[in-house]
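The sequence and the structure are shown first.

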Amino acid sequence: MNKKIAVIKGDGIGPEIVTEAMKILDKTAEKFNHTFEYEQLLMGGCSIDANGVPLTDETIERAKAADAVLMGSIGGNTATSPWYKLPSDKRPEAGLLKLRKSLNLFANLRPAVLYSQLKDACPLKEEIADRGFDMMIMRELTGGLYFGARKTEEVNGVVTATDTLTYNENEIRRIAVRAFDIAMKRRKKVTSVDKANVLDSSRLWRKIVEEVAADYPEVSYEHMLVDNCAMQLVKDPAQFDVVLTENMFGDILSDEASMITGSIGMLASASLNDTRFGLYEPSGGSAPDIAGQNKANPIATILSAAMLLRYSFDMDKEADAVEKAVEKALKDGYRTGDIMSDGMKKVSCSEMGDIIAANI
């Protein structure tokens with residue numbers, strides 16, 4: 001099978017970790033008799049340097065023409081980078097928001113898995129870490145507070161900022177359907193997270209989720225307030241299977257979930273539209289302090305590539321092979337600096353890529 005992948009390496013450690021993910025994809029293609037064609041695109045700070053804007057219309061069109069997008073990290077040091085002296089709509093992250101909206105990437109999937117080999121890196125109590133966890137956080141990605149109308153103005157002599165949180169029933173329904181579909185492939189449980197005791201948008205969210213749940217009698221579901229969910233993630237993460245929530249809540253909860261896995265360098269993510277098209281990226285940032293030093297952990301990006309194989313290319317066997325190759329590398333004791341512990345073998349970013357590729 002021949003597939004075209006748009007590649008956005010981005011900023012900071014992005015080029016290093018994406019290079020390793022491409023190494024894994026190439027080995028997988030060789031092993032399973034596929035051909036992957038790559039087209040390199042610019043977005044973020046590197047695009048600002050080259051084009052004066054974080055994302056060009058040409059890049060959007062070229063991304064749309066691909067079968068999927070593999071991306072690294074966007075942005076730099078907010079305290080020192082000249083990119084952050086620009087207006088907010090010209091900064092690196094504005095390109096990512098625009099790309100998500102332009103590609104209609106409304107469903108963000110962030111798996112949070114605690115590998116048994118890394119349970120010592122988990123900051124939770126030993127008895128909690130010993131139980132492990134494997135959850136999928138489903139975050140609505142193109143609506144809510146981040147995309148609502150906003151303004152800063154003077155009202156009666158006082159500077160006042162306003163951000164608008166808006167959802168309609170169609171936006172809620174499509175992400176809920178995707179969450180229940182994925183739950184059917186997992187342990188058949190959905191936890192819908194909202195703030196229905198306060199927000200009208202959450203009350204609508206809850207109503208629509210209940211309507212969707214009626215079409216999935218095999219899936220058990222529950223509603224949970226976001227503050228309780230934040231507590232339950234550190235008290236008993238094993239209870240969760242698919243966690244469904246809106247944009248801002250999902251942003252916060254997925255970062256919390258990533259931390260309890262031991263390292264954000266282990267967290268993959270996918271952003272999907274209503275077809276098989278998706279954008280795949282690690283959950284971590286651009287880590288400019290270690291960029292270019294071959295120290296970054298490429299596993300999150302490699303696992304994102306596995307998600308690309310599974311969700312956009314329908315290559316489940318190939319995705320399984322990549323995930324098992326990662327697990328074997330961890331079982332064999334190989335660690336990058338962020339997940340290093342006593343008795344393990346410390347390796348560089350490129351060495352970790354080589355080891356995982358050899359395991360496929």
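## Lys188 and the basis of the model

Lys188 counts as partly exposed because its relative accessibility is 28% (buried means under 20% relative accessible area, exposed over 50%, and partly exposed in between, with a 1.4 Å probe and protein chains only). The place of this lysine, Lys188, is in the loop between helix 6 (169–184) and strand 8 (189–194); helices (H or I, at least four residues) and strands (E, at least two) are DSSP runs, numbered from the N terminus. Phi of Lys188 is near 60°, a positive value in a residue other than glycine.

The model is predicted: local features need pLDDT of at least 70, side-chain atom pairs count only at pLDDT 80 or more, and totals for chains, interfaces and linings use all residues. Residues are numbered from 1 along each chain as its sequence is written, and side-chain values use heavy atoms, with hydrogens and water left out.

Helix 11 holds 16 residues, which should span 22 Å at 1.5 Å a residue, and its end C-alpha atoms are 22 Å apart, in agreement; the expected span is 1.5 Å times one less than the number of residues. The buried residues of helix 11 are Glu318, Ala319, Ala321, Val322, Ala325, Val326, Ala329 and Leu330. An α-helix has 3.6 residues a turn, so residues three or four places apart point the same way.

Among the elements covering the buried residues of helix 11 are helix 1 (14–32), helix 10 (299–312), strand 13 (334–335) and helix 12, where contact means heavy atoms within 4.5 Å. Just after helix 11, Gly333 takes a positive phi of about 95°.

## Helix 11 against helix 12

Helix 11 (residues 316–331) packs with helix 12 (residues 349–359) at an angle of about 120°, and their axes are 8 Å apart. Axes are lines fitted to C-alpha atoms, for helices over the stretch in contact, and angles run from 0 to 180 degrees between N-to-C directions. The angle makes helix 11 oblique to helix 12 (under 35 degrees counts as roughly parallel, over 145 as roughly antiparallel, 65 to 115 as roughly perpendicular and the rest as oblique).

The crossing of helix 11 and helix 12 is right-handed; a crossing is left-handed if the near helix is turned anticlockwise from the far one by less than a right angle, and right-handed if clockwise. Helix 11 contributes Ala325, Val326, Lys328 and Ala329 to the contact, while helix 12 contributes Met352, Ile355, Ile356 and Asn359. By class, this contact of helix 11 with helix 12 has six nonpolar, one polar and one charged residues (Ala, Val, Leu, Ile, Met, Phe, Trp, Tyr, Cys and Pro count as nonpolar, Asp, Glu, Lys and Arg as charged, and the others, Gly among them, as polar).

## Helix 1 against helix 12

Helix 12 also packs with helix 1, at an angle of about 15° and with the axes 9 Å apart. That makes helix 1 roughly parallel to helix 12. The crossing of helix 1 and helix 12 is right-handed.

On helix 1 the contact is made by Glu16, Ile17, Glu20, Lys23, Ile24 and Lys27, and on helix 12 by Cys349, Ser350, Gly353, Asp354, Ile356, Ala357 and Ala358. The residues of the contact of helix 1 with helix 12 comprise six nonpolar, two polar and five charged.

## Helix 3 against helix 4

The axes of helix 3 (residues 57–64) and helix 4 (residues 92–102) come within 11 Å and cross at roughly 45°. Helix 3 is therefore oblique to helix 4. The crossing of helix 3 with helix 4 is right-handed.

Asp57, Ile60, Ala63 and Lys64 of helix 3 meet Lys98, Leu99 and Ser102 of helix 4. Three nonpolar, one polar and three charged residues make up the contact of helix 3 with helix 4.

## Loop residues

Ala287 lies in the loop between strand 12 and helix 10, and Ala291 is placed in the loop between strand 12 (278–282) and helix 10. Phi of Ala287 is near 40°, a positive value in a residue other than glycine. Ala287 counts as partly exposed at 23% relative accessibility, and Ala291 counts as partly exposed at 27%. Leaving aside neighbours within four places in sequence, Ala291 is in contact with Gly12, Ile13 and Glu16.

Asn77 is found in the loop between strand 3 (68–73) and helix 4. With a relative accessible area of 34%, Asn77 is partly exposed. Not counting residues up to four places away in sequence, Asn77 touches Tyr84 and Pro288.
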